[in-house]
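Welcome! Please keep the sequence and the 3D view at hand as you read.

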Amino acid sequence: MNRRVVVTGMGAISPVGLSAPDMWQSMKDGVNGIDEITILDMTDLPVKLGAEVKGFDPANYMDAKQARRMDKYCRYAMAAGSEAMADAGFEPGNVPNPDRFGVIIGSGIGGLQTAQDEVTKLNEKGFKKTNPLFTPMMIANMGSGWLAIKYGLKGHNTTVVTACSSGANAIGDAMRLIRHGYADAMLAGGAEGALTMLALSGFYGLKALSLSTDKNRASIPFDAERNGFVLGEGSGVMVMEEYEAAKKRGAKIYAEVVGYGSTADAYHMTAPLPDAGGAIAAMNESIADAGIRPDQVEYLNAHGTSTPLNDKAETVAAHSVFGDHASKLMMSSTKSMTGHLLGAAGAIEAVASVMAVHDDYAPPTINYQVPDTECDIDCVPNTGRQATINYAMSNSLAFGGHNATLLFGKVKE
């Protein structure tokens, strides 16, 4: 018999808020986290806009020695993970049955800033000047590793690297571990600190980034004038527990994780299947996993990257999966506010989807101006909407053809 899995704690570090409540309020208010990049010298690069995390102080979450031993992405993971654990009522040294409490933190790229800095140092000053902690700072599993160390979590501990689906896959995989009895609780999500010159140069070379200089016309999912995504950074993490155990300890419960689908396009390095077959399969799998009908889903947090091919394919997928219900489905992209957080995107958007269920509120797709006949969905344009949301879906569709769909629902006794 499958065990029920619920969300009892959430944390976020994002371009629109340094906590899960602050991020969610900003999303409800339609706050734009995109602006001119200030942390890099962008003089020679045509890309000018990004979605930076602003005002983040690692000292609020760890001591200075720890912070020096972590890449930026890992600091974000530690901050969001610490918030989620505190929100769930867990503190270091006070975690029951830590052998059954695991961690999965996904990251699409890991310590890219560290890699860039150390390669520069190697080329300019020689191998003796490279940081002896370069490897443990760079590798993508250290978000999971450091959180386990902080809280003494000795259960299943892995890292998912599936590009922009990493955070969503981490949450889905963690849910299955609890559901099938391999863990009683999991700390799961994603983190990314890839707002670096190397990443921007690479994505620019792929012609994937928006070159807009107007922050209100840069990340514009489903808009006919969309021309690329805006790179963001941050982390989203949640605590999930077996339902009966969470209820017994009197935990605050936000929502239930009711479905998960994970598929592959097996088609192209960067482009989605034109018929959206992989996304359709993941979405259908999550609905079947939840044991509900497609027309019971009221809200979909779209992958919605603001790239021409992705938004079109995701619209095709929505029509295929939901049929006539697609015209009634609220389907917004919070990337219009946060930019694209790569491996953290699915986790940040999972937090938003959980809050959509909890608060009965669909966040908007901001700065939407020019309708596209190939994206004929209700993208909740410009203003969020109070509406009953019993089930919320979240899509993550990644380079390499990775597709992950999460489905959250109100907790029913």
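Both faces of strand 4 are covered: Phe101, Val103 and Ile105 are buried on one side, and Gly102, Ile104 and Gly106 are buried on the other. Please bear in mind that this is a predicted model.

**Strand 4 and its partners**

- Strand 4 spans residues 101-106, and six of its six residues are buried.
- Strand 6 (residues 185-192) runs parallel to strand 4, and six bridges join the two.
- One place to look for this pairing is phenylalanine 101, whose bridge partner in strand 6 is alanine 185.
- Strand 4 also pairs with strand 5 (residues 157-158), again in the parallel sense, over two bridges.
- In that pairing, isoleucine 104 stands opposite threonine 158 of strand 5.

**The nonpolar cores**

- In soluble globular proteins, nonpolar side chains tend to be buried together.
- The largest nonpolar core here has 52 residues, and the members that touch the most others are Met10, Met238 and Met240.
- Helix 13 (residues 345-359) supplies the largest share of this core, with ten residues.
- A second, separate core holds 32 residues, including Met70, Cys74, Tyr76 and Ala80.
- Leaving aside neighbours within four places in sequence, methionine 240 has contacts that include Val5, Val6 and Val7, as well as Ile171, Asp184, Ala185 and Val257.

**Helix 3 against helix 6**

- Two packed helices are described by the angle between their axes and the distance between the axes.
- Helix 3 (residues 72-88) packs on helix 6 (residues 142-151) at an angle of about 45°, and their axes are 9 Å apart.
- Because of that angle, helix 3 counts as oblique to helix 6.

**A closer look at lysine 335**

- Is lysine 335 buried or exposed? Lysine 335 counts as buried because its relative accessibility is 1%, and the cut-off for buried is under 20%.
- You will find lysine 335 in helix 12, which covers residues 335-338.
- Not counting residues up to four places away in sequence, lysine 335 touches Ile34, Ser219, Ala302, His303, Gly304, Thr305, His340, Ala345 and Glu349.

Definitions and conventions: Residues are numbered from 1 along each chain as its sequence is written. This is a predicted model: local features need pLDDT of at least 70, side-chain atom pairs count only at pLDDT 80 or more; totals for chains, interfaces and linings use all residues. Side-chain values use heavy atoms; hydrogens and water are left out. Helices (H or I, at least four residues) and strands (E, at least two) are DSSP runs, numbered from the N terminus. Buried means under 20% relative accessible area, exposed over 50%, partly exposed in between (1.4 Å probe, protein chains only). Contact means heavy atoms within 4.5 Å. Two strands pair if DSSP finds at least two bridges between them. A nonpolar core is a set of buried Ala, Val, Leu, Ile, Met, Phe, Trp, Tyr and Cys residues joined through side-chain atoms within 4.5 Å. Axes are lines fitted to C-alpha atoms, for helices over the stretch in contact, and angles run from 0 to 180 degrees between N-to-C directions. Angles under 35 degrees count as roughly parallel, over 145 as roughly antiparallel, 65 to 115 as roughly perpendicular and the rest as oblique.
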